Amino acid sequence: MGELILAIETSCDETAAAVIRDGCRILSNVVASQAEMHAKYGGVFPEVASREHVLKIIPVIHKAMEQADVGWRDLNALAVTHGPGLAGSLLVGVNTAKGIALGQNLPLLGTNHLEGHIYANWLDAGLLHLEPGMEDAFPLVALVASGGHSSLVLMRGHGDYVELGHTIDDAAGEAFDKIARLLRLGYPGGPAIQKAAESGDPTAFKLPRAQTKRPFDFSFSGLKTAVLNLVKKLGDDNLPINDIAAGAQAAIVDMLVEKTRLAVEEYNAQYVLLAGGVAANNRLREEMRARAARPVLYPPPKLCVDNAAMIGAAAARHYRRGDFSRWDLDVIPNLKLVNR
Ligand code: KG4
Ligand code: ZN
């Protein structure tokens, strides 16, 4: 049996802990969401988020250990997200992980949140894990699209990343959230827009697809402004919310798919891998499958959004290489995806 890792994730508004065996088997995956609390602000309120983490982190860890039915002595390492994310939120997880690692004499694995999103594809139900031979699926193009990040990454091997492009303004998930706010659909916006779009006509309104100077960059702020202008023009009463939601979703997805498709061709990638909260989007999954001309892999929806299982999956590779963190491990709010 492979290594047993307790992973902790507190980079944004989910307090999460998971126990992972062998880098891919989920023994437990506990997520305490603050979404309801932040809904009244229409987004994440950083100070509220850190204080909620302080309240919930220990109960969440206890629950993860109980559900996995393991004790402290069974663990081989402690993994924790140390960036990117909100500084105050990250600090809660990092300090908790340090305390447990010190007390239990376990190695500490500071883990990159974005690498976690990518490695969610190697977990339990992950296709990469199940299909023999697919460990050699490289090079592949990963689309990492969440509330804080949107980038296209060429993955040449495990831990070997080249960022091909990124958003020059809003992240894709942020675009979903902001447009949802304009349509008064609540927070988080992605799932709300997806639902409203089900009964909308995506062609009812003509919405823009942004061009960018660099071929693999994204831009979503023009779309947001177009929706704002449309809402103003049509007025709040009798707003065709479902049609606008469908049109906006189609535009975001179209931009994401088109750039990914181009990157796949340019770098002759064998697979497309979707990661981050936006990878939960149905239309993105369907359109990518229809247009990418390569097999498209994505985690089940609850492993697309923030969770600690994905942190354990990414950390397992570092554990095997003895790539441990020192006791002065710090939080890095703007941490990039770096080769390790
Ligand atoms: O990865 P994640 O949980 O947190 C960050 O690291 O940011 O992503 C959250 C983002 C939010 O912006 C949310 O609106 C979006 O992912 N999201 C979706 C869907 N589910 C979550 N966007 C589109 N469609 C969805 N079904
Ligand atoms: Zn995330």
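Is Arg184 buried or exposed? Arg184 is exposed, because its relative accessible area is 63% and the cut-off for exposed is over 50%. The model described here is predicted.

- Side chains of opposite charge can pair when their charged atoms come close.
- The model has a count of 18 salt bridges.
- One of them joins Arg184 to Asp236, with 2.8 Å between the closest N and O atoms.
- This pair links distant parts of the chain, 52 residues apart: Arg184 sits in the loop between α6 (172-182) and α7 (189-197), and Asp236 sits in the loop between α8 (221-234) and α9 (241-266).
- Asp236 has a relative accessibility of 45% and therefore counts as partly exposed.
- Another salt bridge is formed by Arg291 and Glu258, whose closest N and O atoms are 3.0 Å apart.
- Here too the pair links distant parts of the chain, with Arg291 in helix α10 (residues 282-291) and Glu258 in helix α9, 33 residues apart.
- Arg291 counts as partly exposed at 26% relative accessibility, and Glu258 also counts as partly exposed, at 28%.

**A network and a further pair**

- Arg291 and Glu258 belong to a network of salt bridges that also links Arg209, Asp254, Arg261, Glu265, Arg283 and Glu287.
- Arg326 and Asp328 form a salt bridge through their side chains, with an N to O distance of 2.5 Å.
- Arg326 is exposed, and its relative accessible area is 59%.

**The sheet**

- An open sheet is built from five strands in the order β3-β2-β1-β4-β5, with mixed pairing.
- Strands β3 (25-33) and β5 (108-112) are the edge strands, each pairing on one side only.
- From one strand to the next, the twist averages 20°.
- Strands β1 (residues 4-9) and β2 (residues 14-21) run antiparallel and are joined by six bridges.
- Ile8 has Ala17 in β2 as its bridge partner.

**Helices on the sheet**

- Helix α2 (residues 46-68) lies across β1, β2 and β3, and runs at about 25° to β2.
- Helix α12 (residues 309-320) packs on the sheet and touches β1, β2, β3, β4 (77-83) and β5.
- The direction of helix α12 makes about 130° with that of β1.

Conventions: Residues are numbered from 1 along each chain as its sequence is written. Chains are lettered from A and ligands numbered from 1 in the order in which they are written. This is a predicted model: local features need pLDDT of at least 70, side-chain atom pairs count only at pLDDT 80 or more; totals for chains, interfaces and linings use all residues. Side-chain values use heavy atoms; hydrogens and water are left out. A salt bridge is a side-chain nitrogen of Lys or Arg within 4 Å of a carboxyl oxygen of Asp or Glu. Helices (H or I, at least four residues) and strands (E, at least two) are DSSP runs, numbered from the N terminus. Buried means under 20% relative accessible area, exposed over 50%, partly exposed in between (1.4 Å probe, protein chains only). Two strands pair if DSSP finds at least two bridges between them. Axes are lines fitted to C-alpha atoms, for helices over the stretch in contact, and angles run from 0 to 180 degrees between N-to-C directions. Contact means heavy atoms within 4.5 Å.
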